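User: Hi! Could you walk me through this model with me? I'd like to chat about the strands and then the ligand.

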Amino acid sequence: MPQLSPRLDAERRFHDGQAADRAHTLTAADALRFADGDYLDHETWIRPAFAELGPLTGKCILDYGCGHGMAAVVLARAGATVTAFDLSPGYVAEAQARADANGVSVECVVAAGEALPFADASFDAVWGNAILHHLDLPRAARELRRILKPGGVAVFAEPWGGNALLEFARRYLPYPGKSRTADEQPLTRRDLAPLREVFPALTWTGHQLFGMARRVVPAGLAKPLTTLDGAVLPVVPILRNLCRYVVVVLPRA
Ligand SMILES: C[S@@+](CC[C@H](N)C(=O)[O-])C[C@H]1O[C@@H](n2cnc3c(N)ncnc32)[C@H](O)[C@@H]1O
């Protein structure tokens with residue numbers, strides 16, 4: 001990979017550190033094996049976002065900013081030909097080990113989303129979770145369009161920054177798993193503009209409005225809150241701006 005900018009270098013070092021911290025728990029193949037549901041149901045937006053990819057069998061799919069590589073394995077098990085990339089060599093090594101342990105073939109590559117080492121029109125679809133908000137979006141959007149086939153689609157699930165109370169909590173309150181890089185910011189409407197310039201048919205939906213309370217209410221209430229989101233958000237789409245996550249769909253003309 002060419003010399004990294006200070007921002008990319010900081011991102012790479014941060015995530016390599018995370019990957020190194022988890023590596024000792026993942027030395028046995030058993031620790032890397034998992035069922036599809038472990039990934040698809042670990043957050044409420046993953047299954048509906050995956051459905052936006054359409055049929056997977058026989059498709060060439062890119063897991064964009066793959067991190068641990070669980071999505072890549074699920075996609076490969078569904079019959080797709082999968083490439084996965086990440087800026088962090090540590091996470092790319094984990095993704096490769098996870099694919100091997102689960103008996104699927106995934107091509108794992110170290111790369112930056114802003115300069116992809118793939119030929120024009122090489123993918124039918126792109127999947128990304130919690131990655132766009134780390135990127136230089138104008139550059140990433142152009143690269144995405146370049147590597148997607150005409151008629152292809154990119155689907156991203158991203159933390160959303162439209163809810164002031166939630167932003168306060170993210171910034172100032174302690175909670176399990178809280179750790180973020182200096183440059184990442186939850187996505188906002190302003191960030192959708194450079195994506196829409198390149199993908200004019202962009203759509204986005206909100207996930208976890210009431211459901212975000214699942215972290216602080218008794219476990220038995222999590223499902224009813226998700227059901228309430230499913231009933232309210234499609235009918236009052238303006239409320240998507242207050243949600244915890246969004247799913248952004250980028251159809252390539
Ligand atoms: C929050 S993690 C998400 C990982 C994975 N998609 C998931 O669902 O857990 C963000 C990932 O983006 C990667 N990343 C950050 N900046 C990047 C860039 N410019 N290009 C490619 N990957 C990047 C990090 O190394 C990290 O693995």
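User: What handedness does the unit of β4, helix α7 and β5 have?

Analyst: β4, helix α7 (residues 137-147) and β5 make a right-handed β-α-β unit. Right-handed here means that, with the strands pointing away from the viewer, the path from the first strand over the helix to the second runs clockwise. Helices (H or I, at least four residues) and strands (E, at least two) are DSSP runs, numbered from the N terminus.

User: Before we go on, what sort of model is this?

Analyst: It is a predicted model, where local features need pLDDT of at least 70 and side-chain atom pairs count only at pLDDT 80 or more, while totals for chains, interfaces and linings use all residues. Residues are numbered from 1 along each chain as its sequence is written, and side-chain values use heavy atoms, with hydrogens and water left out.

User: Thanks! Do β4 and β5 run parallel or antiparallel, and how many bridges join them?

Analyst: They run parallel, joined by six bridges; strands count as paired if DSSP finds at least two bridges between them.

User: How many residues of β4 are buried?

Analyst: Five of its seven, so to speak of burial as under 20% relative accessible area (exposed is over 50%, partly exposed in between; 1.4 Å probe, protein chains only).

User: And which strands pair with β7?

Analyst: Strand β5 (residues 148-159) pairs with β7 in the antiparallel sense over seven bridges, and E158 is partnered there by V246. Strand β6 (residues 203-207) is antiparallel to β7 too, over five bridges, with H207 facing Y245 as bridge partner. In β7 (residues 245-251), six of seven residues are buried.

User: Switching to the ligand: how many residues surround it?

Analyst: There are 21, and the closest are G65, D86, G113, E114 and N129; a residue is near if one of its heavy atoms lies within 4 Å.
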